[in-house]
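Biologist: I would like to go through this model by question and answer, with each criterion stated once where it is needed. Shall we begin with how the helices meet?

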Amino acid sequence: MNILQVVYAFYPPYSESGNSRVVYEISKGLAAKGHNVTVYTTNVLSQDKMFSSKKEIHNIHGVKVYYCRNLLYKPHSPLPLFYSRDLVRKIKKNLAKYDIVHLHHYRFYISVILHHYAAKCDVPYILQAHGSIPRKAKQGLKCVYDLLFGYRLLRDASKVIALSEAEADQYRSMGVPEEKIAIIPNGIDLSEYAELPPKGAFKKKFNIPEDKKIILYLGRIHKIKGIDFLVRAYAYLIDKMHFKDAVLVIAGPDDGYLSEIKSLVQDLGISGSVILTGSLSERDKIKAYNDASIVVYLGPFEPYGLVSLEAAACKTPVIVAQGTPMAEVVNRGKFGFSVKYGDIISLASMLQKILDNEESAENLGSNGRTYVFNNFDWSKIIERYEHIYREVAIS
């Protein structure tokens with residue numbers, strides 16, 4: 001099949017985006033199975049930078065990638081305020097060549113344009129919102145978009161992909177019929193976790209004493225990620241519960257919230273036991289997971305969150321926010337706990353419970369590695385995408 005993937009930023013340049021990594025894995029896997037896969041994307045390098053290239057087409061693991069030039073871009077914006085004329089031109093000129101299009105955005109200008117030309121060229125498309133369907137009552141612009149474009153975009157999709165049953169419910173609430181909804185979780189590249197690095201490598205690199213336990217957050221430093229909640233719970237753990245044997249490591253690139261976290265850490269008087277590492281390489285991420293006693297990923301609006309699966313693959317227990325899709329997965333796989341978002345005392349107590357009971361932590365870690373290796377191998381997930389693509393292409 002000739003398959004087109006459309007996403008505003010693509011891995012590996014934009015390696016901090018979960019969505020771009022997912023599209024990369026899907027595209028790479030489909031290309032390895034003999035399909036002609038093309039990605040239309042933009043030249044976003046990171047949260048605050050673009051990149052340039054003299055080459056029009058990049059071949060990445062057999063995938064043809066076009067990095068189209070952005071004309072507008074606002075770093076750290078919660079909305080994708082940028083525009084690529086080249087991306088629009090490519091869709092207009094080439095869409096009819098493809099058997100199927102996989103669109104990885106919902107409320108985005110390119111979605112509206114692709115919807116128009118897909119109908120004009122009679123090319124079926126699959127929509128994957130990656131958790132962006134919900135809107136708050138006061139978000140008027142999202143409501144206007146849905147009325148003008150969104151409902152039609154969902155209605156005319158051949159299939160929509162949900163990451164979990166919770167996201168499937170979100171599609172249902174928007175009027176998507178049951179037969180159009182497919183639930184496919186994200187996976188991880190398990191080959192990276194087949195052999196774990198020796199214990200202590202991360203601690204040694206960042207001068208963390210061997211006898212100290214690590215509570216780890218890994219991800220973008222953004223206000224919606226629940227990092228302030230974790231910092232306050234950690235302060236409560238060491239000040240009120242007198243647990244002094246753990247350091248808090250916050251690893252990841254600044255996404256407009258680092259200065260606030262630094263100020264909060266300073267105000268709470270815990271600067272001496274909080275380590276901010278900045279961005280980590282892929283191998284250093286695995287070393288961090290491997291040395292951590294707990295990985296905490298509390299974003300209340302996370303559609304899925306690969307961090308929890310990556311931690312589980314390293315035999316590390318996790319704590320996530322209640323009511324999120326990942327809470328379903330964690331509870332089913334018995335490799336961690338979920339906590340009510342904002343309940344500082346409950347989170348602190350849960351941290352202490354795991355840190356104090358090494359046998360229980362080891363059991364949770366063993367459960368997690370087994371569950372992830374049995375259920376989240378990309379090769380198995382790619383087969384599910386391929387089945388849906390074939391089904392849509394011949395319908």
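Biologist: Phe229, Leu230, Arg232, Ala233, Tyr236 and Leu237 in α7 meet which residues in α12?

Modeller: This is a predicted model, in which local features need pLDDT of at least 70 and side-chain atom pairs count only at pLDDT 80 or more, while totals for chains, interfaces and linings use all residues. Numbering starts from 1 along each chain as its sequence is written, and side-chain values use heavy atoms, with hydrogens and water left out. Helices (H or I, at least four residues) and strands (E, at least two) are DSSP runs numbered from the N terminus, and contact means heavy atoms within 4.5 Å. By that criterion, the α12 residues that these six side of α7 meet are Ile344, Ile345, Leu347, Ala348, Leu351, Gln352 and Leu355.

Biologist: At roughly how many degrees do the axes of α7 and α12 cross?

Modeller: Axes are lines fitted to C-alpha atoms, for helices over the stretch in contact, and angles run from 0 to 180 degrees between N-to-C directions. The axes of α7 (residues 227-239) and α12 (residues 344-356) come within 8 Å, and they cross at roughly 65 degrees.

Biologist: Which residue in β4 does Ile60 stand opposite?

Modeller: The pairing of β3 with β4 (residues 63-68) is antiparallel and extends over 3 bridges. In β4, the residue opposite Ile60 is Val63.

Biologist: Which residues of α9 are buried?

Modeller: Buried means under 20% relative accessible area, exposed over 50%, and partly exposed in between (1.4 Å probe, protein chains only). Because 7 of the 10 residues of α9 are buried, this helix is largely enclosed by the rest of the structure. The buried residues pack against α1 (18-32), α6 (201-205), β9 (213-218), β12 (294-297) and α10 (306-313), and they are Asp284, Lys285, Ile286, Ala288, Tyr289, Asn290 and Asp291.

Biologist: Which side chain does a polar contact of 2.5 Å join to that of Asp284?

Modeller: Asp284 lies in α9 (residues 282-291) and is buried at a relative accessible area of 9%. A polar contact is a pair of N or O atoms within 3.5 Å; within protein, one must be able to donate a hydrogen and the other to accept it, and residues adjacent in sequence count only if both atoms are side-chain atoms. Leaving aside neighbours within four places in sequence, Asp284 is in contact with Phe202 and Lys205. The side chain that the polar contact of 2.5 Å joins to Asp284 is that of Lys205.

Biologist: What N to O distance goes with the salt bridge of Asp284 and Lys287?

Modeller: A salt bridge is a side-chain nitrogen of Lys or Arg within 4 Å of a carboxyl oxygen of Asp or Glu. Asp284 and Lys287 are 3 residues apart in α9, about one helical turn, and Lys287 is partly exposed at 25% relative accessible area. Their side chains meet with an N to O distance of 3.9 Å.

Biologist: How far apart are the closest N and O atoms of Lys285 and Glu282?

Modeller: Lys285 counts as buried at 7% relative accessibility, whereas Glu282 is partly exposed at 26%. Both lie in α9, 3 residues apart, and in their salt bridge the closest N and O atoms are separated by 3.2 Å.

Biologist: In β14, which residue is the bridge partner of Val320?

Modeller: Strand β12 runs parallel to β13 (residues 318-321) with 3 bridges, and Tyr297 stands opposite Val320. Strand β13 is in turn joined by 4 bridges to β14 (residues 336-339), also in parallel. The partner of Val320 in β14 is Ser338.

Terms used. Two strands pair if DSSP finds at least two bridges between them.
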